[in-house]
Amino acid sequence: MMKEIRAIVRPSRLQRLRDALRAIPNFPGVTLFKAEGFTAPAAVDKRSVKDELTDFTDKVMVCVLAEADMVETIREAIITAAHTGQVGDGLVWVIDIENIYRIRDRQTLN
């Protein structure tokens, strides 16, 4: 079964993330999306005026389609590369993929 691994990470961690993902044998590839977001207010203990005025911060959404047996390796690589220990490091989640079709030759990939 195919899975989609998605993550929201800091742009400053992209070089580390790229290196970590490229080091995974048979890594299938990645798609990145520019994104903006903010952490849930309840997760932040003390907010300054600056935080209130600039609460949308640049983020990157990472999207990987992979076989189920690769999910844990990819998830761990993302978490390790993106981790700073600070609020706003991001999230990783996994979605089941029902069907995948390659546009070039109309082949079903799952």
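Predicted model: local features only at pLDDT ≥ 70, side-chain atom pairs only at ≥ 80, totals over all residues.
In what order do the elements of the protein chain run from the N terminus on? I read the order as β-α-β-α-β-α-β, with three helices and four strands in the chain. I took helices (H or I, at least four residues) and strands (E, at least two) as DSSP runs, numbered from the N terminus.

Basis of the entries. Residues are numbered from 1 along each chain as its sequence is written, and side-chain values use heavy atoms, without hydrogens and water.

Whole chain. I noted that 29% of the 110 residues count as buried, that is, under 20% relative accessible area with a 1.4 Å probe, protein chains only. For contacts (heavy atoms within 4.5 Å), I looked at pairs at least 6 apart in sequence; 79% of these join residues at least 24 apart.

Helix α3. This helix covers residues 71-82 and reaches 16 Å from its first C-alpha to its last, close to the 16 Å expected at 1.5 Å a residue; the expected span is 1.5 Å times one less than the number of residues. I found Val71, Ile74, Ala77, Ile78, Ala81 and Ala82 buried in α3. Seen down the axis of α3, these residues fall within an arc of 140 degrees, so they line one face of the helix; the arc is that of the directions from the helix axis to the C-beta atoms. Their packing partners are β1 (2-9), α1 (14-22), β3 and β4 (91-96).

Asp89. I located Asp89 in the loop between α3 and β4. Is Asp89 buried or exposed? It counts as buried, because its relative accessibility is 14%. Its C-alpha atom is separated by 6.0 Å from that of Val9, 80 residues apart along the chain. Beyond neighbours within four places in sequence, Asp89 contacts Ile8, Val9, Arg10, Ala82, His83 and Thr84.

Second largest pocket. I recorded a volume of about 220 Å³ and a lining of 13 residues, with Met2, Pro28, Leu65, Ala66 and Ile100 nearest the centre. A pocket is an open set of points on a 1 Å grid over the protein atoms alone, where a 1.4 Å probe fits, with protein on both sides within 12 Å along at least five of seven lines; lining residues have an atom within 4 Å of a point. The volume is the space filled by probe spheres set on the points. Strand β3 (residues 57-67) gives the most to this lining, with five residues. By class, I listed ten nonpolar, two polar and one charged residues; Ala, Val, Leu, Ile, Met, Phe, Trp, Tyr, Cys and Pro count as nonpolar, Asp, Glu, Lys and Arg as charged, and the others as polar.

How values were computed
Buried < 20%, exposed > 50% of the residue type's maximum accessible area, 1.4 Å probe, protein only.
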